[in-house]
Amino acid sequence: MDELIYKLKQQIIEALNLEDMKPEDIDDNASLFGEGLGLDSIDALELIVMMEKNYGIKLQDPAQGKEIFKSVAVMADFIAKNRTK
Amino acid sequence: MTNPILITGFGVVSAIGRNKAETLDALLNNRSGVGPLVYLKTEHKEFPVGEVKMSDEEMRKYLNINDKAITTRTALMGMMALDEALKDARLTPDMLPEVGFISGTTVGGMDMSEQYYLDYISNDSHKEYIKVHDCGSCSEMTAEHFGKFAFITTLSTACSSAANAIILGANMLRRGEADIVVVGGSECITKFHLNGFNSLMILDTKPCRPFDATRAGLNLGEGAAYLVLETEESAKRRGVKAQAILSGYGNACDAFHQTASSPDGEGAHRAMKEALELADIQLSEIDYINAHGTGTPNNDLSESHAVMRLFGDNVPPMSSTKPFTGHTTSASGSIEAAFCILALQHGFVPANLNWSQPMDDGIVPVHQSVNKELKHVLCNAFGFGGNDSSLLISKASEHVPEPVEGVRLATVYVLSAKQISVQQPLCEDWMTQPVEYQAHFNRSIDPSFKEYVSPIEARRMGKILKRAIATSKEAIKASGLDSIDAIITGTGYGCIENTEIFLDALSKEGEQMLSPTYFMQSTHNTISSLVAIQLKNHGYNVTYAHKGISFDSALQDAWLQMQLGKIHSALVGGHDEMTETFYNILKKGGVMGQDEEMCGEAAVSVILGTEKRDSLCKLVNFKMLHKPSAETLKAIAKDFQADYVLTGISGNHKSDEAYLKECKELFGNSILLKYKHLFGESFTSSGIGLYVAAQCLRAGNIPAHLFVNKDEIKGKKPSNILIFNHTDGNNYSLTLLEA
């Protein structure tokens, strides 16, 4: 799981073009949106594209993202359970 | 009381009809034009669309254009609507040299670029389509099918483009810049924006249901509409009648998010309120609102809140006509204005089709067509980036002529100007020690942007956006103003870097998993709206995208509105970036980078104000012309005589000789200057021209390296400078600055 979490952080940084950020800067349990990292709805869409590209998970409804993208830990858990690649 | 703006003709093309008669019949009989995809070649067959029911070939035949002519679908639809509008207003080709043409589009020639992009980057086939990629070319192609208009420009504010074209036209009539202008917009569906909207997950796979509890997104549509706006005197002189009156209009910026509307609909609220105030019409007098109503969860909620805030418990009958046509994006403002005129003329409220369940906390639309006399209607058009506009259209018989007071024109000052270009950024080092270049194409010298945007804000910004924000912030700081009334931007090609990334992925990787960021950062109005978001500015906000006069068009808009007293300050930007790939494409297409020409990038932000303060200089006169006759040009030039003329020659281009000859003929007594040999050629380099001239007037000195003729260097101290921009072979702008 730790490996997936680390990899995921790298992929998030790349997908969202978070220049100057390193995986260590992202807390596993901090919220990605709002108060935490301060991401917005477009970032959520980018994360949906990223999950489809890297893990073969297709979300139909952007609203699903709200739960899944709560934190990197939650996201990794969801990916581990649903990945097709 | 202001001069009434008469609508003396109009034409409309959309999924529900090729002309007014077919459109009216469909609206009255609740016949939607939305259905399965037929004409666009895309994998995304799952999305219903509102296509105009003709192929490009059929349109060409309909318009009598030969098969080999270079056309784009946006231009073809535009021509169909313009044809009807001109005939309707009884405007013949011989009258067009006195008539202006203002069009709105965002896709421009993208339908061709997305088909031929792989050829553009690898071989010479279809290279003739390269020059019609941009928005301005599309407008010119549309207009020139009918003759020669006095001036042409293009608004590009995404889905409110056509509404903003109408607003500019009205301001031009009120300022006395023209008696007649033809205004509106055109937009075809492209794979580019179908995929872009898909990446934003706002397309519905079922017919759209605006304001319904189950609404799940929009359907794309396409079409065009143009209105003929005319002064009362002109209409009287020509013996034509008003079909409706444009009584008011408003434009405001939501300044909230690049693709989402604010929960309370601030921009929309301000735009509607402004339209009502300008028209001096009470809330209770509004008989119908044609909503923007796209069918996305976000838009309809935000628009509902804006309307309910404004009208309280007395919301007028309201409907979205997008279930008829799909969302016709840049053309929707004029297409729906045309629907409103038909509704006023024939006394009915068009139905909000497909509606069945009320949404939470929203308006309840009119879901069945109602026969009802209408006197005043509001027509909303909102765009990405919160470019929100509202038009107030009234029945022709509602207009009571009143004496109009003469307009006292305000004086306009250039308060500050900042640039980032191939010269040292955000300073005037070029005056003493300019950077010299050998290469034909150079990217700008960038400052550190950390001071202007935080890393988290910068995550989605290309260079052009960072440069726009940095120059804007520096210019505002230098102007000493606390707040700015308007943000007006010109860009010839917009965010070309992101456009290229999206186009490249679309062409090479196919229509799956495209990045929403690159799409939303590819629209031209991203620049202006992002600056507004950064500055939290809700004022007037538009973007012009018309070739080499994009910046000039923005300047003209600010100048007009300041003289009319509508605004007292403005941030006018000129921003263009270039990539290696697009530079090579444009070179291949003969658009730029010819011979020994130096090409660069430009970011310039200028603050204009009506208060003198510590200004750089005064802006005393401005004029824009399209293919003027020699006599017209000569007559206009008389009003623009100056000590110095800043020319647009590049220094070693083969067309320089002709350019200089023209300058000598028009301005024989002036000393000629140049600046593009230092700053390079870009679509908005005329903005750099204004910056250079303003700095010279402020310094009271012209650097030796700006003189065309070295013998004239010991010239007199400049008291005025004319910026003479003759660009693209077609367009001219003349900007006169005074110390």
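This is a predicted model: local features need pLDDT of at least 70, side-chain atom pairs count only at pLDDT 80 or more; totals for chains, interfaces and linings use all residues.

Modeller: Chain B contains 23 helices and 24 strands. Its C-alpha atoms occupy a box of roughly 75 × 65 × 50 Å along the principal axes. Among the contacts in chain B with a separation of 6 or more, 80% are between residues 24 or more positions apart.

The domain assignment divides chain B into domain 1, residues 5-398, and domain 2, residues 412-738. Taken over C-alpha atoms, the centres of domain 1 and domain 2 of chain B are 29 Å apart. The contact between them involves 57 residues of domain 1 of chain B and 51 residues of domain 2 of chain B. On the side of domain 1 of chain B that touches domain 2, several elements each supply at least two residues, among them helix 4 (110-122), helix 5 (135-144), strand 4 (151-155) and helix 6 (161-175). Helix 7 (191-199), strand 8 (244-253) and helix 9 (266-279) of chain B also each supply at least two residues of that side. By class, this side of domain 1 of chain B has 20 nonpolar, 24 polar and 13 charged residues.

Ala279(B) is placed in helix 9 of chain B. Ala279(B) counts as buried because it has 23 C-beta neighbours inside 10 Å, and the cut-off for a buried residue is 20 or more. Leaving aside neighbours within four places in sequence, Ala279(B) is in contact with Ser247(B), Gly248(B) and Leu392(B). Gly248(B) is 31 residues from Ala279(B) along the chain, and their C-alpha atoms are separated by 4.5 Å.

Asn730(B) lies between strand 23 (720-727) and strand 24 (731-738) of chain B. With 19 C-beta neighbours inside 10 Å, Asn730(B) counts as partly exposed. Leaving aside neighbours within four places in sequence, Asn730(B) is in contact with Glu140(B), His626(B) and Lys627(B). The C-alpha atoms of Asn730(B) and Leu344(B) are separated by 39 Å, and these residues are 386 positions apart along the chain.

From helix 1 of chain B the contact takes Lys20(B), Thr23(B), Leu24(B) and Leu27(B). From helix 12 of chain B it takes Phe339(B), Leu342(B) and His346(B). By class, this helix contact has four nonpolar, two polar and one charged residues.

Two loop residues of chain B deserve a note on backbone geometry. Most residues other than glycine have a negative phi. Asn30(B), in the loop between helix 1 and strand 2 (49-50) of chain B, has a positive phi near 50°. Asn30(B) is partly exposed, with 14 other C-beta atoms within 10 Å. Met513(B) also has a positive phi near 50°, and is found in the loop between helix 15 (496-509) and helix 16 (516-520) of chain B. Met513(B) counts as partly exposed, with 15 C-beta neighbours inside 10 Å.

The C-alpha trace of chain A spans about 30 × 25 × 20 Å along its principal axes, and buried residues make up 29% of its 85 residues. The contact between the chains takes 14 residues from chain A and 15 residues from chain B. On the chain A side, these are six nonpolar, three polar and five charged residues.

Methods:
Residues are numbered from 1 along each chain as its sequence is written. Chains are lettered from A and ligands numbered from 1 in the order in which they are written. Two residues are in contact if their C-beta atoms, placed from the backbone, lie within 7 Å. Ala, Val, Leu, Ile, Met, Phe, Trp, Tyr, Cys and Pro count as nonpolar, Asp, Glu, Lys and Arg as charged, and the others, Gly among them, as polar. Helices (H or I, at least four residues) and strands (E, at least two) are DSSP runs, numbered from the N terminus. Domain bounds come from an automatic or database domain assignment. A residue is buried if 20 or more other C-beta atoms lie within 10 Å of its own, exposed if 12 or fewer, and partly exposed in between; C-beta atoms are placed from the backbone.
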